[in-house]
Amino acid sequence: MEALSEHTIQFSGLKDGAHAFEFTLEKPFFLATGMEEYELGGHVKAKVDLDKSEHLLVANIHVDGHVTVPCDHCNAPMDQPVQGDQRQIFKLTEEQEMDDEELVALDLRAHEVNLTHYLFECISLHMPIRHVHPEGQCDPEVDAALKKIEVEHDPEPDPRWNALKALKDTPNPN
């Protein structure tokens, strides 16, 4: 995902301690993800509480809003609610790699951090896997077409279960 300049925090001029930032994530943000699933947009408020110290930046990200995605059942657009929290820690260090997933290395000479990727990550991790309208809100034409081709059948039990049941019912010689 491309970094968007409006999500850059210049931390070099900030005093040590707590700082709050708010971002509104709308269609341009979702288009920048480059993912077809998100190209319909959305409206998400992101609140970032940044705790700055000499060598660490701790960003507590909270997202709340909706993402417009296609319904998995009828393919019509729907507003999928999303809400969640994520903590991201940035360490000012000369090391390039960190062993901890939550810890991101920033060069000692860095004076800003871009949160676009971390905002997207927070949203993605809190989105449900399945996106379906509430009962009765799907496109009625698609619902009718799906009902015409729906197949009613009782699945045959897997024969391996019978073999396992036979083992269970066999008395133990010990």
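Start with helix α3, residues 140–149: zero of its ten residues are buried, so the helix lies largely in the open. Buried here means under 20% relative accessible area, exposed means over 50%, and partly exposed is in between, with a 1.4 Å probe and protein chains only. Helices (H or I, at least four residues) and strands (E, at least two) are DSSP runs, numbered from the N terminus.

A word on what is loaded: this is a predicted model, in which local features need pLDDT of at least 70 and side-chain atom pairs count only at pLDDT 80 or more, while totals for chains, interfaces and linings use all residues. Residues are numbered from 1 along each chain as its sequence is written, and side-chain values use heavy atoms, with hydrogens and water left out.

Stay at the start of α3 and show Asp139 and Glu141. A side-chain oxygen of Asp139 comes to within 3.0 Å of the backbone nitrogen of Glu141.

**Into the core**

Next, select Leu25, Val67, Phe90, Leu115, Leu119 and Ile123. These have the most contacts inside the largest nonpolar core, which has 36 residues. Such a core is a set of buried Ala, Val, Leu, Ile, Met, Phe, Trp, Tyr and Cys residues joined through side-chain atoms within 4.5 Å. Now colour the elements that each supply at least two residues of this core: β2 (17–25), α1 (27–32), β3 (42–52), β4 (56–70), β5 (77–92), β6 (103–106) and α2 (116–126). Strand β4 gives the most, with six residues. In soluble globular proteins, nonpolar side chains tend to be buried together.

Which residues does Leu119 touch, leaving aside its neighbours within four places in sequence? Show His7, Phe23, Leu25, Phe29, Ala46, Val48 and Ile61, and you have its contacts, a contact being heavy atoms within 4.5 Å.

**Along strand β4**

Move to Val58, which lies in β4. Is Val58 buried or exposed? At 19% relative accessibility, Val58 counts as buried. Beyond its neighbours within four places in sequence, Val58 is in contact with Asp49, Leu50, Asp51, Arg87, Gln88 and Ile89.

**Charged pairs**

The structure holds four salt bridges, each a side-chain nitrogen of Lys or Arg within 4 Å of a carboxyl oxygen of Asp or Glu. Select Lys52 and Asp16, whose side chains meet at 3.4 Å, N to O. Lys52 lies in strand β3 and Asp16 in the loop between β1 (8–10) and β2, so this pair ties together parts that are 36 residues apart in sequence. Lys52 is buried at 13% relative accessible area, whereas Asp16 is exposed at 53%.

Then try Arg109 and Asp107, another salt bridge, with the closest N and O atoms 3.4 Å apart. Arg109 is exposed at 70%, and Asp107 is partly exposed at 33%.

For one more, pick Asp158 and Arg160, which form a salt bridge at 2.4 Å, N to O. Asp158 is partly exposed at 25%, while Arg160 is exposed at 62%.

**Last stop**

Finish by selecting Leu167 in helix α4, residues 159–169. Leu167 counts as exposed, with 62% relative accessibility.

Methods
A polar contact is a pair of N or O atoms within 3.5 Å; within protein, one must be able to donate a hydrogen and the other to accept it, and residues adjacent in sequence count only if both atoms are side-chain atoms.
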